[in-house]
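Dear colleague,

I am handing over the structure below, together with a short account of what turned up in it. Please read the notes alongside the coordinates.

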Amino acid sequence: MAALRRARLPPSALALVVAEATPGGRVVAMHRGAEPVNPASVMKLVTSAAALDLLGPAWTWRTRVYTDGVLAPDGTLRGHLYLRGGGDPKLVAERLWLLLRRVRGLGIARIEGDIVLDRRAFALPPHDPAAFDGEPLRPYNVGPDALLLNYGAQVLTFTPDPAAGVARVHVEPPLAGVAVPGSVPLAEGPCEDWRAALRADWSDARAPRLQGRYPTACGEQVWALAHPQPEQWAARVVAGTWAAVGGALAGTVRDGEVPPAATLRLSWPSPPLAEVVRDLNKASQNVMAQHVLLALAWVGGDPDGAPATFEAARATLRRWWTQRLGADVPPPQVDNGAGLSRTARITPVALARLLQWGCAQPWAADWVAALPHLGVDGTLARWPALGVAAQLKSGSLADVQALAGYVLGPAGQRRVVVAVLNHPQAGAGRDALLAAVRWAAQVP
């Protein structure tokens, strides 16, 4: 409360539960615990727990490669090559490179037809990346895609070359038909807002411009941003990567469907769900969380059957919640499962009950390991460590600040902490959340 007063936030801005981390364990403290709040990215705890419980830590998504036509002895495919996306949330640049290298290993060097991208595994409404906050180039606004490549983001690496007077610009993944400047002039002075100093113009997605300078003092920096033409992203990445692995293509890369008579050549698994959950929670990766939620639509069914929808996934999650947590714990309103939402809601008591129940499950080690360590890694790497052992999921929106997870008490006992601020000035209240964590670690 003292920290709230210093931040000029009213007590009604905070909802808090501290409890022992065993199912039904003692509640140590509670303030507005039954109030539905927007938890921001803390909602990823719900999505992760449901997926680990219903699908299992070893569950994988599959990307499949098909061909039609005839493969000639000289490596020419006289037909089309098909990539059928299965919702893999971690088909990043290096894994796509390996996948297409495997295609080359099948003896395919030249494709006389097209590369056809089949996205039917998801049935989703059109996604507007600017709808949430008017920032369409921010990677956190990328929408789910059954053939999601590199999280939908292009990554520019700037490396100063003082001898040449420029910073070298490297782009991953390679994008066919897109000409990003290979260098930008260097500038003297301190490293401040180097992105603004570049004066980047993304209005032409095929020929972006860097009209400013890059400060030498910044050293090497990385800039990830969503492609300005998301509808062209996958085609450009696949064409660029196919060329990078030495493949030739006479046709184009286009959207389409795998015909029934096509031959399955390769089934490419994603990393296991336990690894995906770790990545999405440590880095708070929104589009990965949405893919994990959508996978719940396939529980009890066939991933190659009906396309996944958010409606079906949310229905599965609601049934799971009632079965596992009980009808007396109000189910969350999950929206997209990532917490990037104005309508998502959950009570702190419900979150605390989930954290108590989750740490007693067979997959608990994977779930807890996915949480950032306070002051050490992930989204909490730059937070003060406070001298306590805590693994917590953070959440942040313009009017939300939240922490939820586990902290070790004075006798080494594990405790659950849920602290959520909902207020127009919530960003000023980080110290209040940290005060709750410190208190939970010290109170007998």
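Helices and strands here are DSSP runs numbered from the N terminus, a helix having at least four residues and a strand at least two. With that in mind, and remembering that this is a predicted model, the largest share of the lining of the largest pocket, four residues, comes from helix 5. Helix 5 (230-244) and helix 8 (310-325) are the elements that give two or more residues to that lining. The largest pocket has a volume of about 950 Å³ and is lined by 38 residues, of which His127, Asp128, Val142, Gly143 and Pro144 lie nearest its centre; by class, its lining has 24 nonpolar, seven polar and seven charged residues.

The second largest pocket holds about 600 Å³ of space, and among its 20 lining residues Leu137, Arg138, Pro139, Tyr140 and Ala224 lie nearest the centre. Strand 15 provides the largest share of this lining, four residues. Because domain 1 (1-59 + 273-442) and domain 3 (139-230) both give residues to the lining, the second largest pocket lies between them.

Turning to the cysteines, a search of the whole structure finds one disulfide, which joins Cys191 to Cys218 with an S to S distance of 2.0 Å. The pair links distant parts of the chain, 27 residues apart, with Cys191 in the loop between strand 11 (183-187) and helix 4 (194-198) and Cys218 in the loop between strand 14 (214-215) and strand 15 (221-226). The torsion about the S-S bond is about 105°, so the disulfide is right-handed. Cys191 is partly exposed, with a relative accessible area of 34%, whereas Cys218 is buried at 8%.

With best regards

Methods:
Residues are numbered from 1 along each chain as its sequence is written. This is a predicted model: local features need pLDDT of at least 70, side-chain atom pairs count only at pLDDT 80 or more; totals for chains, interfaces and linings use all residues. Side-chain values use heavy atoms; hydrogens and water are left out. A disulfide is a pair of cysteine sulfur atoms within 2.5 Å. Buried means under 20% relative accessible area, exposed over 50%, partly exposed in between (1.4 Å probe, protein chains only). On a 1 Å grid over the protein atoms alone, a cavity is a set of points where a 1.4 Å probe fits but cannot get out, and a pocket is an open set with protein on both sides within 12 Å along at least five of seven lines; lining residues have an atom within 4 Å of a point. Grid points are joined across faces, edges and corners, and a volume is the space filled by probe spheres set on the points. Ala, Val, Leu, Ile, Met, Phe, Trp, Tyr, Cys and Pro count as nonpolar, Asp, Glu, Lys and Arg as charged, and the others, Gly among them, as polar. Domain bounds come from an automatic or database domain assignment.
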